[in-house]
Amino acid sequence: MDYTIAVLAGDGIGPEVTAEALKVLAAVGERFGHRFATQQGLIGGIAIDSTGSALPEETVALCKSSDAVLLGAVGGPKWDNPDANVRPEQGLLGIRKALGLYANLRPVSIHPALIDSSPLKADRLAGVDMLVVRELTGGSYFGEKRRERGERGEWASDLCIYHQHEIERIVRAAGELARGRRKKLTLVDKANVMETSRLWRSLTTRIVKEEFADLSFDVMLVDACAMHLIRRPADFDVIVTENMFGDILTDEASMLAGSMGMLPSASLGTGKMGLYEPIHGSAPDIAGQGKANPLATILSSAMLLRHSLGLEEAARAIESAVYATVEAGIVTGDIAKPGQTPVGTSVVGDAVVARLAM
Ligand code: IPM
Ligand code: MN
């Protein structure tokens, strides 16, 4: 079968890590008899530099005409002025919104070979296998933004707004995902303070009672969740939460997996089309040095095969090749253990490709 994939490499380490994922996709295609036609598009800082916009029209059109999108990362010091009118992050938020990708899946598990790479104690990490389902197109990220000067100086506001249908569809998506796992769903909110959270809580409680009575369900305040992620991470199965809480908690949870460089993500909407990206950023401090860990992006390409193209066997082949590479100790500096010599980005990518052919 032939598939089309839009590739938005973006800034910083984005081009380096997506290049490795593309090698892996070509190899898996070879092995299973699929052809992936890839086409590059501009997003983020590089798009600002060449077109003046962080998300050019052509990029949106390219994504809409593709079966799936693979994205690297956006942003960097060159475009860091928070007062600028155009910022790289607008590209990422814009493409999520333009494609209607409201469900962001961020799985967090730790391979046994990486337990010593995590800053957490090994006994806390046994059995960690969770999926954070982050709402991606609502909340304060997309509510009205204001910045004005009043009599007593400047003021600013970010409206945090959620509509019933936005909450219901993500809760249903999370419920279905929990059903295919350990059947545990946790709603994370701040219902003791936020009205939006109180709406989330009442709608979620009702939906779970009426449609997901087979799941075990609990609610947790986001501050307590931040603590329990470290204290008893193995207890979590599926977490569903709003946009900003999901952003913050998944950076924290990535430490359970050893490194940000290990965590993939999938952003899905109502159809099959999805956007796949590592949860890490553009890492300008190591960009262009060939040091970046490409595994989060390679694992994102496995999620792409699974969720957008329905190629489960090929997805698993990539995941097995990644784990075999990690087990062989062929790793970048972020996850190298004492005594292990870190290798470069493309060496890791080549090792995954070699294990795919085995
Ligand atoms: C992420 C990132 C983005 C977000 C930024 C770059 C806008 O942190 O994907 O987690 O906040 O969603
Ligand atoms: Mn983030």
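**Ligand shell and a helix residue**

Domain 1 (1–113 + 257–358) and domain 2 (119–255) each supply at least three residues to the shell around ligand 1. The model is a predicted one.

**Setting of ligand 1**

- Ligand 1 sits in the largest pocket.
- The residues that surround ligand 1 are Glu89, Leu92, Arg96, Arg106, Arg134, Tyr141 and Asp247.
- By class, the shell around ligand 1 holds five charged residues and two nonpolar ones, with no polar residue.
- Among the contributors to this shell, helix H4 (residues 88–98) gives the most, namely three residues.

- The side chain of Arg134 has an N or O atom 2.8 Å from an oxygen atom of ligand 1.
- Tyr141 places a polar side-chain atom 2.6 Å from an oxygen atom of ligand 1.
- For Asp247, the distance from a polar side-chain atom to an oxygen atom of ligand 1 is 2.9 Å.
- The protein buries 78% of the 320 Å² that ligand 1 exposes when taken alone.

**Ser50 and its helix**

- Ser50 is located in helix H2, which covers residues 45–51.
- A polar atom in the side chain of Ser50 lies 3.1 Å from the backbone oxygen of Ile46.
- Between Ser50 and Leu304 there is a separation of 254 residues in sequence, and their C-alpha atoms are 28 Å apart in space.

- The shell around ligand 1 draws on both domain 1 and domain 2, and five of its residues are charged.
- Oxygen atoms of ligand 1 are approached by side-chain atoms of Arg134, Tyr141 and Asp247.

Note on methods:
Residues numbered from 1 in each chain as written. Chains lettered and ligands numbered in written order. Predicted model: local features only at pLDDT ≥ 70, side-chain atom pairs only at ≥ 80, totals over all residues. Heavy atoms only, no water. Near = heavy atom within 4 Å. Polar contact = N/O pair within 3.5 Å; in protein donor to acceptor, adjacent residues only side chain to side chain. Areas by Shrake-Rupley, 256 points an atom, 1.4 Å probe, with all protein chains shown as cover. 1 Å grid on protein atoms, 1.4 Å probe; cavity = no way out; pocket = protein on both sides within 12 Å on 5 of 7 lines; lining within 4 Å. Sits in = over half its atoms within 2 Å of the grid points. Helix = DSSP H or I, 4+ residues; strand = E, 2+ residues; numbered from the N terminus. Nonpolar A, V, L, I, M, F, W, Y, C, P; charged D, E, K, R; others polar. Domains from an automatic or database assignment.
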